[in-house]
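Me: Hi! I have a protein model open and would like to talk it through. Could you help me read it?

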Amino acid sequence: MDKRGVDAQKWHATIFSSLWSVLHMASYTYQTLKVERDAAGVTVLSLNRPEQMNAFTVEMANELVDFFEKASEDDDIRAIIVTGEGRAFCAGMDLSKEGNVFGLNETLQPSMQDMQARRDDDEIKNGVCDTGGRVVLSIFDCKKPVIGAINGAAVGIGATMTLAMDIRLASEKAKIGFVFGKLGIVPEACSSWFLPRIVGIQQALEWVYSADIFDAQTAKEGRLVKQVYPADQLLDEAKKLAHKFVDGRSAVALALARQMLYRNSAMPHPLFAHQVDSLAMFYTSVGDGKEGVQSFLEKRAPEFKQKASQMPPFYPWWSDVQDTF
C-alpha cells in the first residue's frame with residue numbers, strides 16, 4: 001500500500017473513532033449532569049444545575065444512579081471525577097419542590113422488615129428509600145476510581161454523596177456542612193457508615209451534632225479531604241491524580257482492589273479478606289498478571305488486556321452476604 005493509501009486508512013480510522021466517541025457519549029446525555037471524557041478514559045461528571053447551585057433533586061439522583069451503573073460496565077471510562085458546574089459543588093437538597101421535597105411517599109408506614117424484604121419493590125424503592133443512599137450505593141458498587149473535586153458549597157447531600165468517593169480534593173472556596181440537624185432530619189446517603197470510617201467517630205459526631213458549615217482547610221485537618229487547591233487548579237489536579245491511578249494499570253486489578261479495600265475492611269475477621277485475596281490473586285495472576293510480570297522483566301510499559309466489564313467468575317463475591325441482610 002502506498003503512502004496515500006496509508007494516510008487514507010489513518011484518516012478513516014480517525015473519523016470512525018471520533019464518530020464512535022460521539023455516539024457512545026450520547027448515551028450519557030442528562031438533564032442535570034454533564035459528562036466529558038478524555039482519550040485516556042478519565043471522565044469528568046459535573047452536577048449541572050448552576051443557577052440553583054446544583055441543588056439535588058430526585059431527577060438528579062436517578063441520573064446519577066444511571067451514570068454510575070453504566071460507567072461501571074463501560075470499558076471506555078477508566079476513572080471518574082465528580083465536580084459542580086459553576087460556583088457550587090452541590091448546595092444540598094432542592095427545598096423549593098412541592099410536597100415531600102425528598103420524594104418520599106407520606107401515605108406509607110414502612111418497617112425495617114419492608115426495607116429488608118421489599119427494598120426492590122417499586123413502592124419501597126421509590127417511596128421510602130433515601131435517594132442519596134441510592135446514589136451512594138451506586139458509587140460504592142462502581143468498578144472505577146472516583147475522585148470528588150469539591151469546587152464550592154457542598155452541604156447536606158452535597159457533602160454526604162462525596163463520602164463514597166475514593167479521594168476528595170477541595171477548592172479553597174469550598175464550604176462543607178453536615179447540616180441535617182438544622183432541618184430536623186438525620187444524616188443520610190449511608191453517611192453513618194462512611195463518615196466515621198473516614199474521619200473517626202469523634203469528628204463525625206462533632207460535625208453532625210453542630211451542623212456547622214466549615215471551610216476547606218478545616219475539612220483537610222479533619223481528614224475529610226486529602227488536599228486543598230486554588231480554585232483554578234482544582235480540576236487539573238484531580239485529572240492528574242486520576243491519570244496516576246489508571247495510566248498503565250490493569251482495569252480488572254484496579255476494580256478488584258477498590259472493592260476489596262472497601263468491603264474486606266468492614267468484615268469481622270481477616271479470614272474473609274484471605275478468601276477474597278486468594279481468588280483475586282489467582283485470577284489476576286493468570287490474566288493481566290502475566291503481562292505485568294513480563295513487561296517488568298523486559299523493562300517496558302505493560303499492555304493489559306483484561307476488561308472491567310468481564311470480571312472473574314467469583315465477582316461480585318459479596319452478593320451472598322447482601323442477601324442475608
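Me: Let's start with Asp 94: does it count as buried or exposed?
Reply: Asp 94 counts as buried, at 9% relative accessibility. Buried means under 20% relative accessible area, exposed means over 50%, and partly exposed is in between, using a 1.4 Å probe and protein chains only. Before we go on, this is a predicted model, where local features need pLDDT of at least 70 and side-chain atom pairs count only at pLDDT 80 or more, while totals for chains, interfaces and linings use all residues. Residues are numbered from 1 along each chain as its sequence is written, and side-chain values use heavy atoms, with hydrogens and water left out.

Me: Okay, and where is Asp 94 found?
Reply: Look in the loop between strand E3 (79–84) and helix H3 (112–117). Helices (H or I, at least four residues) and strands (E, at least two) are DSSP runs, numbered from the N terminus.

Me: Which residues is Asp 94 in contact with, leaving aside neighbours within four places in sequence?
Reply: Those are Arg 49, Ala 55, Phe 56, Thr 57 and Val 101. Contact here means heavy atoms within 4.5 Å.

Me: What does the side chain of Asp 94 make a polar contact with?
Reply: The partner is the side chain of Ser 96, at 2.5 Å. A polar contact is a pair of N or O atoms within 3.5 Å; within protein, one must be able to donate a hydrogen and the other to accept it, and residues adjacent in sequence count only if both atoms are side-chain atoms.

Me: New topic: is Ser 295 buried or exposed?
Reply: Ser 295 is buried, with a relative accessible area of 4%. You'll find Ser 295 in helix H14 (residues 288–297). Setting aside neighbours within four places in sequence, Ser 295 touches Arg 300, Ala 301 and Pro 302.

Me: And what about Leu 279, where is that found?
Reply: Leu 279 sits in helix H13 (residues 270–285). This leucine is partly exposed, at 37% relative accessible area. Its C-alpha atom is 8.8 Å from that of Pro 312, which is 33 residues away along the chain.

Me: Zooming out, how many helices and strands does the chain have?
Reply: There are 15 helices and nine strands. The radius of gyration is 21 Å, close to the 20 Å that the globule rule gives for 325 residues, so the chain is as compact as a globular protein of that length. That radius is taken over C-alpha atoms, and the rule is 2.2 Å times the number of residues to the power 0.38.

Me: How much of the chain counts as buried?
Reply: Of the 325 residues, 44% do.
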